[in-house]
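User: Hi! Could you walk me through a few parts of this one with me? Here it comes.

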Amino acid sequence: MAPVESPPRKAQTDDRLRVVGTSLPKVDAVAKVTGRTKFADDLFLPRMLHCRMLRSTTPHAEIVSIDTQRAEEHPGVVAVLVGRDLPTPYGILPVSQDEHALCIDKVRFIGDPVAAVAAIDEATAFEACELIEVEYAPLDSVADIEDALDGDDPAIHAYGDAHNVHKVVALEFGDVEAGLADAHLVQEDLLFYEGNTHLPMEQHAALGDYRPDDRLTLWSSSQTPHYVHRALATVLEMAPSRIRVIATPNGGGFGGKSDPFNHEIVVAELSRRTGRPVKICLNREEVFYCHRGRHPTLMWIKTGFKQDGSITGMHFRSFLDGGAYGSYGVASTYYTGALQTVTYPVAAYKFEGLRVFTNKPPCGPKRGHGTPQPRFALEVHIDKAAEKLGLDPARMRLDHLVEPDSVTANYLKIGSMGLGACIEKVVAESGWNDRYGKLPEGKGLGLACGSYISGAGLPIYWNNMPHSGVQLKLDRGGGVTVFCGSTEIGQGSDSVLAYVVAEVLGINPFEIDIITADTSLTPVDLGSYSSRVTLMTGNAALQAAERARELLVRSVAEKWDVPGVRVAMADRQVFDVQDPECTMTFAEAVVLAESKFGTIGTVGSYTPPRSPGRYRGAGVGPSPAYSYSATVAEVSVDVDTGETHVDDVWIAHDIGQAINPVVAIGQVEGSVYMGLGEALMEEMTYRGNRNIVHHHPSMLEYKSPTTHEMCRVHTYLIEDPDPNGPFGAKEVGQGPLLPIPPAIVNGVYDAVGARVDEVPVTPQKVLAALKRKAKQEEPREGPKKAPQFVWPEAIQVPPPWAGGDGRARDERREIGGGGVRK
Amino acid sequence: MMRLPKFRFQVPATVDDAIAQKREAPPGAAYVAGGTDLYPNMKRRHQEPSVVIALHAIDELRRIVTGADGAVSIGATATLTEVATHPDVRVAYPALAETMHLISTPILQNMGTIGGNVLLDTRCNYYDQNYEWRKSIDFCMKKDGEVCWVAPQSPRCWAVQSADSVPLLVAMGATVDLVGPDGDRSIPIEGLYRDDGILYLSKQQDELLTRIHLPSPNGWRSSYRKVRRRGAFDFPVLGVGAWAELDADGVVQGARIVLGGVASSPVVVETAAQALVGSSLSAEAIDEAAELAWKTGRPLDNTDFTLYWRKEMIRPTVRRALEDLASHR
């Protein structure tokens, strides 16, 4: 990899850290475990009305008429809304403004809302929905990727890069064909990753409260109050300054509460119309319909390897089933091709990806956003190549690691890179070298790696402002209040703010007041997505706290008549490092500072560094820092039934610096759990023959692992501080999920010699592969062919080592021109 | 969230009161014990009783009694946990005690009752969904609709028997007491079930299941094996109840093998059981019985997993249930 200029790597951590790196409780732990945390559905306001939404019972149809008269006359009903009441479209991405709060002319999936009722209670609203008559003129529906690409069905949307194709991407970095020609082995695979959903314990809920002075407050279980704020202003045609969005603590998010949602807009509008607060709490079925989860993705991968396992060229194609709306889908599509290059050097790389529209709930960002699918494909693919090359899969990876402080073929700037240490750790702890390939039939070990961004380099909408802002208020009693737009979704973001500020000011994190996720009170933070919060709000908080510290130090130094460097702060005390007898309390220092400077408030903000990529599409993938993970999974396969159980997972995660090790380990374990579910059983699937209705929108029949299925998890945090992270910290919320599915699939192969090129690895798939093996056929179960699609000519971007400067060879050329082959 | 429809809740103090209240109540009134089946069904509008008659105040219905011959009889409203932890059940009927722990989750075992499990509504992918979902498939025959979506040409409903206790109790030859306005009766539990997804019970509407009698625990063994996706929560996609009577030399004198989760009623596989008679539960006899059971079982596409895989599971699951018998005591 090409070396680049980088700030000198000085360890920002040292033995003076008192809070950072310590396993303290979360600041909201007591409220959570004593039931005092108020989630959105816990909120009740005087005169509050309850909302229910009527949803489409057909997957694709024109709306001929909606008659709401009987519902309006139903006793207890206060207001009824239909699509034409909210005609302005919205969507999370500026390029995909394709949603309406309520469908106007057509419905696009079973569950698409067509009307909403506000009534005195939920039961009345439910009854009223039953009285609304909707006449549909059914259209042929689009069930899946193949169906979308056959071009035979009516268009779901009037826009897109081709008929029922939302987005097409084609990028080439270097000469891939030449790379493949140079290879000792060319490995080609076709793999499928089934869609799945977030399954947060808390259903989405929102409460709108419009006041007669034309001010609106919305409380919502949202990961992105700033984006909800923007969407409300757009759709309700209100000045943003008159709208306040408060994100309540989320009872689980995982990406499923990152879009602005129709029910949020609906309760706001119903409140405006009725002059009363209006609340909605979705039922579990509706949560499945909100979805925005993992895209079902079919992937084709062809890679050239030298005899030593190094990669001469890689060609990767992904086909994403996007569901009925855009959501984050353009970004998701790019993400399925972005991070293949950040673990093992890829000399030349070509990515082609497309996302289709289908008549199903929209897919979007779920933990790992667009990257678990290609990571699964890549790590299984490498496992197969290692076997053909006669290399140990761990050794092969260790021998070819991306260098720290380098730039990849697709212009991702790598900072710290601890993957080697991660692999070595799990290899040692799992006994890999003595046990891989040597366990009895039915028992196996599989290894896989992964990497993820610590925040996206670019915001959702184009602007030059910070991604995260923090305000700090110090009062004369010694109290400190932190204001930040970040959103607590259970990951510990409120705690990170407290720990960072406490570390800098030498105070107790549990005495700090944390005010977050309130668009009227807190500066903008873009939201809890893309694993950005610890790094970005952490840096913003660090800057605000250092500025406050500076004011205190100057005041105290003046009082003691010593240079500022002699003033230290720890344990709620301020003292002279050369004269420990000379001390004052933190509160006394604040009084001095307020006397000298007036009211003490500071701000901090964070904007990620500019990425070296300049080509169209270079916006997806760059990050201030990349986390790395390596996993070994030990699995048991019942050869009579095909049932797979994961016994142990050893996982090492390169976190840079753990702000709180216990919370970080919790994130790793949660990721392992979620990855286990995706690997073994979770499926967001539909009955194609029954109207494309969701198979099982319930927590009983959507199978997610219980404690019985959960494996033992051995977690190791690898700390190699990254210069871009606060105290060196990188992400941990999402990355550890990535290696889990491929490690399990590779483990199944080691256990029984059968390849399942598809997750979830259900018993029927394993049994099918074993039956083929018994018949001397290829012991494989998985997708058989990729759909035909004429890809547009790829945008050519010479990689750094070929003299590239991050720009496409012909910058003016626009993407497009892809099409359907009949 | 999904809400219960409105209903009147009545709490009779005696069995006679319960029968009288049921007779006086409007059609569709329901008895309730633990409510772990009925209340979720009501939220999904599967059953919409205007009157619900709760049985928890009737003490005699909850008692577990051991007779002089060691035979245990279990009141219908004994919770699954109470059955599982009862000392006489644990000693004399260990397979039944273990089976209680395979039903749903520990919390639901604390609420759910043995009677409720025995009378559990049949289940189906097209039925166990909420009202709006069912509306989007135009409902199904079992509730509010015309067609059985499992077999659209079929005149009948194919919802599937899904209670774990039933294959085992049928294999053991348990009997049940029914009390109704026209008197009391006691029947073999096998006779309680009908092979129809809608009318899956021979019990009359107003009859109350009061007691389950287990056979005297001498000279026989039993076992139950369950197939499901996860180690908790899930209903069986296949359940195998097995029973064998052995003589002093360990030779099988009589046997029963019963499949659950493959039809609307428990399926007694006579041919498979016959393959065991005269054997000493040898591996060969077990394999033959498993093969014959596999031939009999015809699961339909109405539960989790593919029906092909569920059919394939009959062989290893029957084999494992019979191996449990062979290794028992």
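**Sheet, contact and helix**

Analyst: Happy to, and bear in mind that this is a predicted model. One place to begin is a residue pair: Val567(A) sits opposite Asp576(A), which belongs to β24(A).

User: Nice. Which strands pair there, and over how many bridges?

Analyst: β23(A) pairs with β24(A), residues 573-576, in the antiparallel sense over 4 bridges.

User: What is the strand order in that sheet?

Analyst: The order is β23-β24-β25 in chain A, an open sheet of 3 strands with antiparallel pairing. β23 (567-570) and β25 (579-585) of chain A each have a single partner strand, so they stand at the edges and one side of each has no neighbour in the sheet. From one strand to the next, the twist averages 30 degrees.

User: Which helix packs on the sheet?

Analyst: Helix α15 of chain A, residues 533-560, packs on it and touches β23, β24 and β25 of chain A. The direction of α15(A) makes about 125 degrees with that of β23(A). Helix α16 of chain A, residues 586-597, also lies across β23, β24 and β25 of chain A. α16(A) runs at about 70 degrees to β25(A).

User: Switching topic: how many residues does each chain put into the contact between A and B?

Analyst: Chain A contributes 26 residues and chain B contributes 23 residues. On the chain A side, the elements giving two or more residues are α3 (122-130) and α19 (763-774). α19(A) gives the most to that side, with 3 residues.

User: Last one: what does β3(A) pair with?

Analyst: One partner of β3(A), residues 61-67, is β5(A), residues 106-107, in the antiparallel sense over 2 bridges. Within that pairing, Glu62(A) has Lys106(A) as its bridge partner. β3(A) also pairs with β7(A), residues 133-138, again in the antiparallel sense, over 6 bridges. There, Asp67(A) has Glu133(A) as its bridge partner.

User: Great, thanks!

Note on methods
Residues are numbered from 1 along each chain as its sequence is written. Chains are lettered from A and ligands numbered from 1 in the order in which they are written. This is a predicted model: local features need pLDDT of at least 70, side-chain atom pairs count only at pLDDT 80 or more; totals for chains, interfaces and linings use all residues. Two strands pair if DSSP finds at least two bridges between them. Axes are lines fitted to C-alpha atoms, for helices over the stretch in contact, and angles run from 0 to 180 degrees between N-to-C directions. Two residues are in contact if their C-beta atoms, placed from the backbone, lie within 7 Å.
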